[in-house]
Amino acid sequence: MTTDPGGASLIAPHGGQLKDLIADEAGRASLASEAQALVSWDLTPRQVCDIELLLNGGFSPLDGFMTRADYDRVCAEMRLADGTLWPMPIPLDVTEAFGEGLVSGARIALRHPEGMVLAVMTVSDVWTPDRRAEAVAVFGTDDDFHPGVFSLLEGTNPVYVGGSIEGIELPPQHSFPALRRTPAELRALFERRGWTDVVAFQTRNPMHRAHIELTKRAAAQAGAKLLIHPVVGMTKPGDIDYFVRVRAYEAILERYPADSTELSLLPLAMRMGGPREALWHAIIRKNHGCTRLIVGRDHAGPGNDRSGKPFYGPYDAQELLREYRDELGIEVVEFQEMVYLQAEDRYVPAPEVKDGQKVLSLSGTELRRLLAEGEPVPEWFSYPEVVDVLRDAYPPRERQGFTVFFTGLPSSGKSTVANVLVSMLMERSSRPITLLDGDIVRKNLSSELGFSKEHRDINIKRIGFVASEITKHHGIAVCAPIAPYAATRREVRDMISAYGGFVEVHVATPLEVCEQRDRKGLYAQARAGRITGFTGIDDPYEAPEHAEVVIDTTTDSPAESAEQVLRFLSDAGYLPAGH
Ligand code: PPS
């Protein structure tokens, strides 16, 4: 079905037919009443993003979560079963328990985490995918350093469900309502303004001078208007949160010529899939009424693999899009990296730099360092209004919160060193500190949990959640669980790094020493078979590969070990100078 808000044509100058999966008024009432008797699935944060773009047509021509035939062909060939170009799998992932009773033809209610039913789905397929094979097909790798692979393998449920959906309402959005426009609303806006040619700029970062120069050039070269279309759904872990980014985007709008530029927020859950993702972004922007998309260096890049090599070449995305130019229905505006010519005080694309001309550049890591250390950000790099927003949100490290996360075998000395560290920190600063020791947490937060992998993961995620809240509020959390699984520790790191420091301390006391200490007599019980699934004996401990600090309590006293951590915190700038 298509609707026509404000009488505007729903065919953009270069766009295709737009889906609108929200039912009409009578349909919505009847779906809502039917939903009361249906089993319901509580949508995950990623699925909330996906369903919003399904319902509002951002994912046209999809009319629901992908069926198996669509999924298989998308993975293999970037096409839906009917041959339409579509690069990203969008199935509904559910738990085994939920998937068990589902059969083709069943109807299920899809609920927002706040409780309201957003849509009713008619199930057509239920299957258990090979997610590792999906990772290789879609991302070209199963290395879980790739954030899209990590989220697929560790954060996605094991059973997929496909089927069409009938919408009752869009997910509620409470932030920046005036800046959120559906594809139909944007198309209507462009139509009203007479904007027949609109170039979209995709971003998940604050915009600095290079981005502003690039977007101005792109619009001017094409003689087109500009849509700044930042992603506010899910981006790469560790990115600057969108509340801060949107304040910064709003601040720079005045730097564009009048009646030339719009800002609209896109509730997309990115997969960081590089070239495939760029193709997806192009289709999504076409659906939003744009006629062109800027694709620059390393579009939707996921960073480096575990050997430090980028997953994709810097211009792979441009190359892939060129292959599909004729059927995309949206032009791609290719840009090379913009660099700053110091002598001329202006930005140019890298290939325009002549031999001997001096260029300046500043990486994202370097910018974060300048902010963390309270140093000035050079004027050639950004505008004062953007730097002010960032400084306000990211104070220097000595005013940020942080988490010290001890991990190690039972009886390795985690709790002892953590306690000493807490006392040392309290001697030095009046910042609030919370100790989340393994045993204390199990008594207070996780008393119903055992030691299965599932329960350990829940336990560690709870600790991570509490520590991330403490860190967000500029406090100090000192955690000391065993935390034996690398993937769960990484999730906790991602959760906390968004708000402040995360310092992993591996208490690497060897197993023989821990077993000899056996402070609670549990190793002896595990050896005797009276306890099963005991870490280090018959349950694995995956040692961290990139801990910020490694200590060994065989050779160092608790005070010496705690001093090592303190020194790291001080050197990294988390403690005021002189401590
Ligand atoms: S986990 O894996 O991180 O959730 O474990 P944690 O909550 O830190 O464990 C807290 C203490 O529980 C005791 N204990 C066990 N540990 C490991 N495996 C099994 N099966 C087990 N059963 C009980 C153990 O003494 C942990 O304390 P520490 O301080 O590490 O010795």
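How close do the axes of helix α9 and helix α14 come, and at roughly what angle do they cross? In this predicted model, the axis of α9, which covers residues 242-252, and the axis of α14, which covers residues 384-393, come within 8 Å and cross at roughly 160 degrees. Because an angle over 145 degrees counts as roughly antiparallel, α9 is described as roughly antiparallel to α14. The crossing of these two helices is right-handed. On the side of α9, the residues that take part in the contact are Val244, Arg247, Ala248, Ala251 and Ile252, and they meet Glu385, Val386, Val389, Leu390 and Ala393 in α14. Sorted by class, this contact between α9 and α14 has eight nonpolar residues and two charged ones, with no polar residues.

A second pair to look at is formed by helix α5, residues 131-139, and helix α6, whose axes come within 10 Å and cross at roughly 160 degrees. That angle makes α5 roughly antiparallel to α6, and α5 passes α6 in a right-handed crossing. Here Arg131, Arg132, Glu134, Ala135 and Phe139 of α5 make the contact with Gly148, Val149, Leu152 and Leu153 of α6. By class, five of the residues in the contact of α5 with α6 are nonpolar, one is polar and three are charged.

Helix α6, which runs over residues 147-154, also has a crossing with helix α18, residues 486-497, and in this case the axes come within 12 Å and cross at roughly 120 degrees. That angle makes α6 oblique to α18, and the crossing of α6 and α18 is left-handed. The contact joins Pro147, Phe150 and Glu154 of α6 to Ala487, Arg490, Glu491 and Asp494 of α18. Counted by class, the contact of α6 with α18 has three nonpolar and four charged residues, and no polar ones.

When the lining of the second largest pocket is sorted by class, 13 residues are nonpolar, 10 are polar and eight are charged.

Definitions and conventions
Residues numbered from 1 in each chain as written. Predicted model: local features only at pLDDT ≥ 70, side-chain atom pairs only at ≥ 80, totals over all residues. Heavy atoms only, no water. Nonpolar A, V, L, I, M, F, W, Y, C, P; charged D, E, K, R; others polar. Axes fitted to C-alpha atoms, helices over the stretch in contact; angles between N-to-C directions. Helix = DSSP H or I, 4+ residues; strand = E, 2+ residues; numbered from the N terminus. Parallel < 35°, antiparallel > 145°, perpendicular 65-115°, else oblique. Left-handed = near helix turned anticlockwise from the far one by under 90°. Contact = heavy atoms within 4.5 Å.
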